[in-house]
Amino acid sequence: IPAAFDAACIFCKIIKGEIPSFKLIETKYTYSFLDIQPTAEAHVLVIPKYHGAKLHNVPDEYLADILPVTKKLAIALDLAVDSPEGVGYNVLQNNGRIAHQEVDHVHFHLIPKRNEKTGLI
Ligand code: 5GP
Ligand code: ZN
């Protein structure tokens, strides 16, 4: 599968290693890494190795790998959290400036929620 990158895109540069990132899982179709300005501890981004600004610009084979990778990351998070009810988290994905998208390369946020009682994420 030929990867389609945009030389000026910050997330394409991260995939290519031109900008450093804290990499988590990398597959044929996806790359995941820690968000540089986390809204919560262990805030993760999962992105396709294809430059598409919005969800509908990305081919299905790339999108099809996003949720399995997000699931693996959530499993790791769940194992890391010593909480009886398990970890809580949000998965979200913004499209367009009007919807709060800042980086025009599709990305899924995996945002753990801190348990206020235990202090654990
Ligand atoms: P958006 O608002 O577009 O949905 O989210 C973009 C996210 O990308 C933000 O949470 C922001 O902190 C993150 N981000 C922007 N630039 C970089 C970067 O160079 N490295 C990393 N790791 N995250 C970034
Ligand atoms: Zn890109």
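Colleague: Why is β3 described as largely enclosed by the rest of the structure?

Modeller: In this predicted model, five of the five residues of β3 are buried, so the strand is largely enclosed by the rest of the structure.

Colleague: Which residues of β3 point which way?

Modeller: L45 and I47 point one way from β3, while V44, V46 and P48 point the other way. All of them are buried.

Colleague: What does L45 touch, leaving aside its neighbours within four places in sequence?

Modeller: L45 is in contact with S32, F33, D35, H107, F108 and H109. F33 is also the bridge partner of L45.

Colleague: How many bridges join β2 to β3?

Modeller: There are five bridges between β2 and β3, and the two strands run antiparallel.

Colleague: And how many join β3 to β5?

Modeller: Three bridges join β3, residues 44-48, to β5, residues 108-113, and this pair also runs antiparallel. Within β5, F108 stands opposite V46.

Colleague: What is the order of strands in the sheet?

Modeller: The sheet is open and has five strands in the order β1-β2-β3-β5-β4, with antiparallel pairing. Its edge strands are β1 (23-26) and β4 (88-92), each of which pairs on one side only. From one strand to the next, the twist averages 20 degrees.

Colleague: Which strands does helix α3 lie across?

Modeller: Helix α3, residues 66-80, lies across β1, β2, β3, β4 and β5. The helix runs at about 20 degrees to β5.

Colleague: Turning to the largest nonpolar core, which residues touch the most other members?

Modeller: Those are L45, V46, I47 and L110, in a core of 21 residues. At least two residues of this core come from each of α1 (10-16), β2, β3, α3 and β5.

Colleague: Let us step back to the whole chain. How do the elements run from the N terminus on?

Modeller: The protein has three helices and five strands, and they run α-β-β-β-α-α-β-β.

Colleague: What share of the residues count as buried?

Modeller: Of the 121 residues, 25% count as buried.

Colleague: One last point: what share of the contacts between residues at least 6 apart in sequence join residues at least 24 apart?

Modeller: That share is 55%.

Technical notes:
Residues are numbered from 1 along each chain as its sequence is written. Chains are lettered from A and ligands numbered from 1 in the order in which they are written. This is a predicted model: local features need pLDDT of at least 70, side-chain atom pairs count only at pLDDT 80 or more; totals for chains, interfaces and linings use all residues. Helices (H or I, at least four residues) and strands (E, at least two) are DSSP runs, numbered from the N terminus. A residue is buried if 20 or more other C-beta atoms lie within 10 Å of its own, exposed if 12 or fewer, and partly exposed in between; C-beta atoms are placed from the backbone. Two residues are in contact if their C-beta atoms, placed from the backbone, lie within 7 Å. Two strands pair if DSSP finds at least two bridges between them. Axes are lines fitted to C-alpha atoms, for helices over the stretch in contact, and angles run from 0 to 180 degrees between N-to-C directions. A nonpolar core is a set of buried Ala, Val, Leu, Ile, Met, Phe, Trp, Tyr and Cys residues joined through C-beta atoms within 7 Å.
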